[in-house]
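Student: I am new to this structure. Could you help me read it, please?

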Amino acid sequence: MTIAQETAELLTSLGVSKESFTGGDLPAKSPITGEKIADVRSVSPAEAGRIIEQADAAFRAWRLVPAPRRGELVRLLGEELRAHKAELGRLVSIEAGKIPSEGLGEVQEMIDICDFAVGLSRQLYGLTIATERPGHRMMETWHPLGVVGVISAFNFPVAVWSWNAALALVCGNAIVWKPSEKTPLTALACNAILKRAMARFGDAPEGLAQLLIGDRAVGEALVDHPKVALVSATGSTRMGRDVGPRLAKRFARAILELGGNNAGIVCPSADLDMALRAIAFGAMGTAGQRCTTLRRLFVHESIYDALVQRLRKAYESVSVGNPLTTNALVGPLIDEAAFRGMEKAIERARAEGGKVTGGSRIDTGDAAAFYVRPALVEMPDQTGPVTEETFAPILYVMKYSDFDEVLAKHNAVGAGLSSSIFTLDMREAERFLSADGSDCGIANVNIGTSGAEIGGAFGGEKETGGGRESGSDAWKAYMRRATNTVNYSKALPLAQGVSFDI
Ligand code: UN1
């Protein structure tokens, strides 16, 4: 069976109609071989506008449904995802090139956030606040916000949508999703799965969950539409620099999840076996295509040679190949542009004195598939490409001697998503997590930079955009807060002792 045939079978069993993936204008490809596997129909910006209007009409009805009942829809979505985990995980592998355990892991992340959101549907709490006036009560109420736009990237084609969708739905919002043009098929599948949950739910308003497959102009139509109250956008910092100001201009809300240039620090006391495994997964896993991928590594001079020698071995021996037919740990890059970007970064690193292990293309016989041996680049200092995110498996390794200096270097890049320290010294660990430690949204001890659980808030600082999704109180960004003061007395005292007697 060809990949295209298997894709058609998977899509059909996930409930996607044949017309939506055949005969369309947008070719869908698999990075595993580079071949075309479907033709999807895209929408025009004008159609996108009409679809957003439908979502807005659905929002007006959905916001009146009690939140625990809204949670029931997300519970059914979680049930459907559990039932279809194998097929959807496989489709993620086909379309994004992930190894099977990561394709399945992504669907597990969706199931987890559904469970979280169901619980949340009974916990959208507001505070009651002491007032300064007698016979008064002050409280806050959280109300549904409106239409939530979701812009997602190819590398987490389904999980990132679900973080936003599950929360937005229990919060009483409608959702309009613009997936990456590189991964339209998994988006069609998620949409079909949610539609099935909606059918089982019964009376969810038509138009509550919408999909916009299309190009940049469609994304712009979503970002600029006055009825879209919040846009949660995952992608490059470049994309965020465009989306952020557009939203700010019309005072719409933004959750921006942009680039990462995540680092790890390996201290003299580190458990090196553990650090090695964490570094290997963080830097080479998902072929270096997570926003949380480990890209910079600072190793103390006392253990540098020992660790780098072991890392070099791991880089030379890690299995790279077709994730559908082999047990490889590293699959393909998403496309040729990703490979060219990697080549360019390595070339620049060499010019800056970098010593490169790996990094070359592996020929699988498919001219349009881009498999690479992950690159380990020993750098004399943090210069040139080391300060930027290249979405490919390149790990820059640097030696350090002083803890204060390494902390400063750690924070001296534009992005601020994820970070790790490997140490058994509690002073170093606590310092890393403190106010003058890591400046990232995620700071870990003896764990790699990637693979966060859904229970915590996910996101980063500085050029990563500052947004938070997923767990903790990230839900608050998907609702509007009203402060209510109720006077149950017979007088009208004014706050701050102001008098205004007419
Ligand atoms: C992303 O790469 O856009 O922490 C998200 C992680 C995953 C999510 C990554 N849970 O690596």
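This is a predicted model: local features need pLDDT of at least 70, side-chain atom pairs count only at pLDDT 80 or more; totals for chains, interfaces and linings use all residues.

Student: How do I read strands E1 and E2, and which way do they run?

Tutor: Strands of a sheet pair through backbone hydrogen bonds, either parallel or antiparallel. Strands (E, at least two residues) and helices (H or I, at least four) are DSSP runs, numbered from the N terminus, and two strands pair if DSSP finds at least two bridges between them. Here, E1 (residues 26-29) and E2 (residues 36-40) run antiparallel, joined by four bridges. Leu26 stands opposite Val40 in E2. Six residues lie between the two strands of this hairpin, and Gly34 in the turn has a positive phi of about 85°.

Student: In what order do the seven strands of the open sheet come?

Tutor: The order is E12-E15-E16-E11-E10-E18-E19, with mixed pairing. Strand E12 (355-357) and strand E19 (442-445) are the edge strands, each pairing on one side only. Within the sheet, E15 (residues 375-378) and E16 (residues 394-400) run parallel, with four bridges, and Glu378 stands opposite Val397 in E16.

Student: Which residues surround the ligand?

Tutor: A residue counts as near a molecule if its C-beta atom, placed from the backbone, lies within 6 Å of it. Among those surrounding the ligand are Glu109, Phe156, Arg290 and Ser450. The shell draws at least three residues from each of domain 1 (3-258 + 465-483) and domain 2 (262-454), with bounds from an automatic or database domain assignment.

Conventions. Residues are numbered from 1 along each chain as its sequence is written.
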